[in-house]
Amino acid sequence: MPAIDSGGGHVRLRLDIAYDGTDFAGWATQSGQRTVAGVLEEALSTVFRTALQLRGAGRTDTGVHATGQVAHVDVPADALVHAYPRTGRPAGHEFLPLVRRLARFLPTDVRVLDIRRAAPGFDARFSALRRHYIYRLSVAPYGVMPQLARYVTVWPRPLDVDAMAAASAQLVGLHDFAAFCRHREGATTIRDLQRFDWSRHGDLITANVSADAFCWQMVRSLVGAVLKVGEGRRDPQWCAALLTATRRSSDFAAAPAQGLTLAGVDYPPDDQLAARIAITRDRREL
């Protein structure tokens, strides 16, 4: 859909969003649950005085955080003009008053960092080239510093980061990740995992995971499997062997949600957005 839909009379806005996922039941709106999208939709609908629906680049699970979530919302053109008429603000700052107003409406655990008119053809989910996640663990004997406790998973056993890196490297590429995905009927589990590596700074161990897209619980499952290698309970080749599975493996548990953060989403140049949507919607094959 174009950024300005003359037929439907809507203007598409792009929102850059951060949140602490601890007290949210995930991203997607759910009846009777406090969700990130639900809270944002309520605030936006109040500001524009009309019901609005938000579409995100990724549906994070319960307890997962974000510093780089991206979403779009289609606002009726007359509501937009009435609430935020153009008053000579320079490009990139048109919706600064809206950002400030939302900061007053929203709870402190979710922030809208930036708002701008979306380019023609932009779709927060289907235009995306890749998503970047970060997973953080602490192996400190005392656990985690209080200021980081909501964002870092405490791991009570020593971890061999070199072995974990070796296992992760074998998973990078275009594969069927069925062993690492919660099953969804009719959904493909073929993904292009473009980065999966580890670093250590003192007692803090960090994984960087990037792919064109992720299926349900895939990042946490990848981390959970590699942690078994890090503990010495499996060898690095075991993770690669899991790629032959056709269903979610029961040989490992997904890593806890609290250590996971959606750090960013990449998009192609504006003139390639529509083509990217066609590629994303096409069912993947190996």
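Predicted model: local features only at pLDDT ≥ 70, side-chain atom pairs only at ≥ 80, totals over all residues.
**Exercise 1.** Describe helix H1: its span, its ends and its burial.

*Solution.* 
Step 1. Helix H1 covers residues 36-48, which makes 13 residues. From its first C-alpha to its last it reaches 18 Å, close to the 18 Å expected at 1.5 Å a residue.

Step 2. After H1 comes Arg49, whose phi is positive, near 60 degrees.

Step 3. Apply the cut-off for buried, under 20% relative accessible area. By this criterion 10 of the 13 residues of H1 are buried, and the helix is mostly covered. The buried residues include Val36, Leu40, Leu44, Val47 and Phe48. Glu41 and Ser45 are also among them.

Step 4. Find the packing partners. The buried residues of H1 pack against strands E2 (10-19), E3 (54-56), E4 (65-76) and E5 (110-117), and against helices H2 (77-83) and H3 (96-105).

**Exercise 2.** Characterise the second largest pocket by volume, lining and residue class.

*Solution.* 
Step 1. The volume of the second largest pocket is about 170 Å³.

Step 2. List the lining: His10, Arg12, Thr50, Ala51, Leu52, Gln53, Arg55, His72, Val73, Asp74 and Pro76.

Step 3. Assign the lining to elements. E2 and E4 each supply at least two residues, and E4 gives the largest share, 4 residues.

Step 4. Sort the lining by class: 4 residues are nonpolar, 4 polar and 3 charged.

Note on methods
Residues numbered from 1 in each chain as written. Heavy atoms only, no water. Expected span 1.5 Å × (residues − 1). Buried < 20%, exposed > 50% of the residue type's maximum accessible area, 1.4 Å probe, protein only. Contact = heavy atoms within 4.5 Å. 1 Å grid on protein atoms, 1.4 Å probe; cavity = no way out; pocket = protein on both sides within 12 Å on 5 of 7 lines; lining within 4 Å. Points joined across faces, edges and corners; volume = space filled by probe spheres on them. Nonpolar A, V, L, I, M, F, W, Y, C, P; charged D, E, K, R; others polar.
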